[in-house]
Amino acid sequence: QVQLVESGGGLVQPGGSLRLSCAASGSIFSINAMGWSRQAPGKQRELVARIRGDGYTLYAGSVEGRFTISRDNAKNTVYLEMNSLKPEDTAVYYCAGDLDGNGQYEYWGQGTQVTVSS
């Protein structure tokens, strides 16, 4: 079983940047795809970024061009670089792992809070 722990969240001003990290207790090499989801107050959780083992990435339209997902298998860590942050980016961000790449995520972290406010 793989355990995921997010870190790096905090309070930033609009237009600022933040990097989130997701550390796995086990190897992520065998996990086909890793992703970042977020859930804002009163809204349903949504997938904002996804990365496969071959490096292919996918982003939600609301974050494309501003966020970058990456993975370091040697460090068993996944990152989410967030730039040009907007108040609507405020949410709890969750790291997730899709073991076989079928679009369903079997592993989830507990989340890290990101607040964008002036």
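## The disulfide

A disulfide is a pair of cysteine sulfur atoms within 2.5 Å. In this predicted model, that rule gives a count of one disulfide, and the pair in question is Cys-22 and Cys-95, whose sulfur atoms lie 2.1 Å from each other. The torsion about the S-S bond of Cys-22 and Cys-95 is about -80°, and the disulfide is therefore left-handed.

The bond links distant parts of the chain, since Cys-22 belongs to strand β3 while Cys-95 belongs to strand β9, and the two are 73 residues apart. Buried means under 20% relative accessible area; Cys-22 has a relative accessible area of 1%, so Cys-22 is buried, and Cys-95, at 0% relative accessibility, counts as buried as well.

## The largest nonpolar core

The largest nonpolar core holds 30 residues, and those that touch the most other members are Leu-4, Leu-20, Trp-36, Ile-69, Leu-80, Met-82 and Tyr-93. Several strands contribute to this core, for β3 (18–24), β4 (33–39), β5 (46–52), β7 (67–72), β8 (77–82), β9 (91–98) and β11 (112–116) each supply at least two of its residues. The strand that gives the most is β3, with four residues.

## The surroundings of Leu-20

Which residues is Leu-20 in contact with, once its neighbours within four places in sequence are left aside? They are Ser-7, Gly-8, Gly-9, Trp-36, Val-78, Tyr-79, Leu-80, Met-82, Tyr-93, Thr-112 and Val-114. Among these contacts of Leu-20 are Trp-36, Leu-80, Met-82 and Tyr-93, which are also listed, together with Leu-20, among the residues that touch the most other members of the largest nonpolar core.

Definitions and conventions: Residues are numbered from 1 along each chain as its sequence is written. This is a predicted model: local features need pLDDT of at least 70, side-chain atom pairs count only at pLDDT 80 or more; totals for chains, interfaces and linings use all residues. Side-chain values use heavy atoms; hydrogens and water are left out. A nonpolar core is a set of buried Ala, Val, Leu, Ile, Met, Phe, Trp, Tyr and Cys residues joined through side-chain atoms within 4.5 Å. Buried means under 20% relative accessible area, exposed over 50%, partly exposed in between (1.4 Å probe, protein chains only). Contact means heavy atoms within 4.5 Å.
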